[in-house]
Amino acid sequence: MPNELIFSPGVDLITDKVAVVMQDRPVIGMSAWLSDALTSARMAGRDLQLVTPKTTALTYPVRTSIFKGIFSKWVVTDDDGEYFDGLNGVRLKWNGEMFIARATAKDGQATSDLHPDYVVKEDPFGQLQFTVRVRHRAVESLVIGKMAERLFTVASGSGPAGWSTSEPVTQPWSPEALTEYCRDRAPQPTWLILAGQPGKEFKPAVGTLEVRRTMSGVDETVTLAVTQPGLDFPNVNQVGEWIDEIADNFELISAMVMGSYGTAEGTYLPRFVGMACPIGVGAGNEAVRSSSVAEMVKVPGISRAMAIGPAHTPAIWYPIGDGREPRDWETYATLMKKLIPADALAGKQ
């Protein structure tokens, strides 16, 4: 159980809206104290604001996990005494309650008040990013982690080296031990960190695994970031084969694959290195049931959508782009309108 927010050792300041954590380290991972601060803040109805120097890098689990709240921010301090947002470069100020944007944009316009250190030109490394969700039947023989093994193996060259509740990862990889840990926590959800194999023969990889009991079974969601040797990403058809393999062996709910950028170690500095762009989307059988495969593959801008997985419960792979073209988000938006009709978004039948 997390500490009460006032007793969380990683929290430096608490206001009515946020908990502020200040750290001066070269790399910040999802340590036990940061995980406790995040959970304690959420339980207290507050978002987390992380304050670091401009030389600090964040790991993938930190960058993708702690900035989901409306007031959550990565606050970067510069040598000139100013603050800026490490995710978008906007200059920030402290208003007595939390860090907010220093300049407010006019309606319909993006703020141009960017700190120059955020837009410093640096050579990034490509990162292939996955978010894949599958569903298992809630049976005694269920073993969690097999999907993560497959995804890590095809994308990085090897299955995970280990797992843990925080960084650094401490437990050697064992789906059986991981499953036992999740079962002991049930029906509470479990969130874990997965580390890829070290060594030059493998691509640097790190991910997270979330296990959640639902009315329909047990959902396993894996996120994964794999550093690429250059700026090119695998061909969209090859990525589709990987997702097809997942759909053949598990009940696929959804998959999202993107091309992004980071450092050679797979971490993230507070710099603009490029925009993450879609490569492809996998839609599980739930999205197909109300229609047909022939109808669901018809999406403007996507010419090679295809059925994947078992013939009796097909999923669909939608190839979108090469992971480097921002305009592909328009195609993604069109696809989402197909998969999630407006009446469903409005809560209508």
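Let me begin with strand β10 (125-136), which eleven bridges join to strand β16 (residues 251-262), the two running antiparallel; strands and helices here are DSSP runs numbered from the N terminus, with at least two residues (E) for a strand and at least four (H or I) for a helix, and two strands pair if DSSP finds at least two bridges between them. What we are looking at is a predicted model, in which local features need pLDDT of at least 70 and side-chain atom pairs count only at pLDDT 80 or more, while totals for chains, interfaces and linings use all residues. Residues are numbered from 1 along each chain as its sequence is written, and side-chain values use heavy atoms, with hydrogens and water left out.

Which elements do the buried residues of α3 pack against? They pack against β10, β13 (190-195), β14 (205-214), β15 (217-227) and α5 (236-249), where contact means heavy atoms within 4.5 Å. In α3 (residues 146-156), the buried residues are Met147, Ala148, Leu151, Phe152, Ala155 and Ser156, buried meaning under 20% relative accessible area, exposed over 50% and partly exposed in between (1.4 Å probe, protein chains only). Seen down the axis of α3, these buried residues fall within an arc of 125°, so they line one face of the helix; the arc is that of the directions from the helix axis to the C-beta atoms. Just after α3, Gly157 takes a positive phi of about 105°.

By contrast in direction, β2 and strand β4 (residues 47-53) pair in the parallel sense over five bridges, and Ala19 stands opposite Leu48 in β4. Four of the five residues of β2 (residues 18-22) are buried, so this strand is largely enclosed by the rest of the structure.

Ile14, in β1 (residues 13-14), counts as partly exposed because its relative accessibility is 35%.
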